[in-house]
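Have a look at the model first, then read on.

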Amino acid sequence: MRVMIDACVLYPTVMREVVLGCAAQGLFEPRWSPRILEEWARATIKLGPEQEVWARGEIATLNAKFPKASVSYDAAIEARFWLPDPGDIHVLTAAVVGSCDAILTMNAKDFPGNILAEEDLTRRDPDGFMRQMFEIAPDKVRNVADGVLAEANRLSDRPWEMRALMKKARLPRFGKALVA
């Protein structure tokens, strides 16, 4: 399954690490566009200029780790598509050009199911998607989540528990499934 990952899933960090950790385990093929990655890098600026530098380093690492993930296209193709938020048309275009099966995004209202269905796409929210991945491959997904938790604890000044970390990462149902 090929999944176009929207910038709102790539940033914040914990959500990105969980999602892309599962992709690294071969559970799905991630896709993004240079514009999506640029949105992620620019979103970090509000935390300070050093965060943008850090994000660009992460982006370079991801492009090296997933060399087939980046989808480029001629911007003129975007004119063929319509979405309620014109600022998201590039995500839909990249998903179609990248032969994706789904768009992974937090923005449900900006990606109506009927419009996506015309392009043989579905919209998936990260929480539900990760729960599905956990049902399909519980050991692989648990290993990814445990690794993300360990890294969060290493970097944090306070200890994290799995459910609290996933809730903070806007993956509450996934976190609940992990500890059930």
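Rings of Phe, Tyr and Trp (for Trp, the six-membered ring) count as a pair when their centres lie within 6.5 Å, and planes over 60 degrees apart make that pair edge-to-face. Bear in mind that this is a predicted model. On that basis, the structure has 3 aromatic pairs.

**Phe-28 and Phe-129**
- These two rings are 5.1 Å apart, centre to centre, with 80 degrees between their planes, an edge-to-face pair.
- Phe-28 counts as buried because its relative accessibility is 4%, below the 20% cut-off.
- Phe-129 is buried too, at 0% relative accessibility.

**Trp-32 and Phe-66**
- Here the planes are at 90 degrees and the centres 6.0 Å apart, so this pair is edge-to-face.
- Trp-32 lies in the loop between E2 and helix H3 (34–43), and Phe-66 in the loop between helix H4 (49–65) and helix H5 (89–97), so the pair ties together parts 34 residues apart in sequence.
- Trp-32 has a relative accessible area of 0%, so it's buried.
- Phe-66 comes in at 11%, so it's buried as well.

**A charge over a ring**
- Arg-158 lies over the face of Trp-160, 3.9 Å from the ring centre.

Note on methods
Residues are numbered from 1 along each chain as its sequence is written. This is a predicted model: local features need pLDDT of at least 70, side-chain atom pairs count only at pLDDT 80 or more; totals for chains, interfaces and linings use all residues. Side-chain values use heavy atoms; hydrogens and water are left out. Rings of Phe, Tyr and Trp (its six-membered ring) pair if their centres lie within 6.5 Å; planes under 30 degrees apart count as stacked, over 60 as edge-to-face and the rest as tilted. Buried means under 20% relative accessible area, exposed over 50%, partly exposed in between (1.4 Å probe, protein chains only). Helices (H or I, at least four residues) and strands (E, at least two) are DSSP runs, numbered from the N terminus. A charge sits over a ring if NZ of Lys or CZ of Arg is within 6 Å of the ring centre and within 35 degrees of the ring normal.
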